[in-house]
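Hi,

Here's the structure I promised to pass along.

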Amino acid sequence: MQTSTRDRIVVAAARLLQRQGYVGTGIKQIAQEAQATLGSVYHFFPGGKETVAVAAIRHSTEEFSALLRKALDSEEDPAEAVTACARQLADELRESGWTDGCPVTAAALETLGTDSEIQQACADALRGWEQLVADKLLRCGFPAESARELGTMVICALEGAEVTAQVNRSEEPLLVAGRQLARLVGSYEV
């Protein structure tokens, strides 16, 4: 099945944003990576680079949500599920040569303090991932408030651990975060 030009543009932009951030990614580079003309990029995204970036962030959000959901569902025990998430992130980061970290981190940090669509898409991504973790915990019998707060804690810790792992070119920060988060999750009596 052939990928549409629009989809190639979105996927190329998503990979470039993940590796280079919003500021470091140009519209011409997106077109080149997507094997599309600049005219095609503007045809599908008349708002230009920001519009492409928002579509790319949403695409990356869905990809990461699927990875997170799969890791969370791989273990029945919620503490083990959190450890599985950290291991999965560590494996993928190592396999990418330490370049493919969180798909929204760079764009989120570059647009801090703005009321842009990019910032909103990044915030939506993080909230959605927190909710996926909270939903797993709710299914395991955690009270709603604890599940919500732990969902936030897990995503915050994994985000920080992933950046630290990238910078240090080491899986250890993610593996340590996974073990410690599992201890935290396991400390709740449900």
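Is the crossing of H4 and H7 left-handed or right-handed? It comes out right-handed. Before you build on that, bear in mind that this is a predicted model.

**H4 against H7**

Helix H4 takes in residues 49-73 and helix H7 residues 117-139; their axes come within 9 Å and cross at roughly 10°. Angles under 35 degrees count as roughly parallel, so H4 is roughly parallel to H7. On the H4 side, the residues that touch H7 include Ala53, Val54, Ile57, Phe64, Leu68 and Leu72. Among their partners in H7 are Ile118, Ala121, Cys122, Ala125, Trp129, Leu132 and Val133. Sorted by class, the contact of H4 with H7 has 13 nonpolar, two polar and six charged residues. The charged ones include Glu50, Arg69 and Asp73 from H4, along with Glu117, Lys136 and Arg139 from H7.

**H4 against H1**

H4 also packs against helix H1 (residues 5-20). Here the axes come within 8 Å and cross at roughly 80°. That falls in the 65 to 115 degree range, which means H1 is roughly perpendicular to H4. From H1, the contact draws on Ile9, Val10, Val11, Ala13, Ala14 and Leu17, among others. H4 answers with residues including Val52, Ala53, Ala55, Ala56 and Ile57. By class, the contact of H1 with H4 has 11 nonpolar, two polar and three charged residues. If you're setting up selections, note that Ala53 and Ile57 are listed in the H4 contact with H1 and also in the H4 contact with H7.

**What the record says**

UniProt, in an unreviewed entry, lists residues 3-63 as "domain: HTH tetR-type". In the model that span is 74% helix and 0% strand, with its end C-alpha atoms 16 Å apart. The unreviewed entry also carries the annotation "DNA-binding region" for residues 26-45. Over those residues the chain is 70% helix and 0% strand, and the end C-alpha atoms are 14 Å apart.

**One residue further along**

Arg183 sits in helix H9, residues 172-186. Its relative accessibility is 60%, and exposed means over 50%, so Arg183 counts as exposed. Arg183 and Cys102 are 81 residues apart along the chain, and their C-alpha atoms are separated by 24 Å.

Cheers

Methods: Residues are numbered from 1 along each chain as its sequence is written. This is a predicted model: local features need pLDDT of at least 70, side-chain atom pairs count only at pLDDT 80 or more; totals for chains, interfaces and linings use all residues. Side-chain values use heavy atoms; hydrogens and water are left out. Axes are lines fitted to C-alpha atoms, for helices over the stretch in contact, and angles run from 0 to 180 degrees between N-to-C directions. Helices (H or I, at least four residues) and strands (E, at least two) are DSSP runs, numbered from the N terminus. Angles under 35 degrees count as roughly parallel, over 145 as roughly antiparallel, 65 to 115 as roughly perpendicular and the rest as oblique. A crossing is left-handed if the near helix is turned anticlockwise from the far one by less than a right angle, and right-handed if clockwise. Contact means heavy atoms within 4.5 Å. UniProt positions are given in the numbering used here, feature names are shortened, and annotations may be inferred rather than shown by experiment. Buried means under 20% relative accessible area, exposed over 50%, partly exposed in between (1.4 Å probe, protein chains only).
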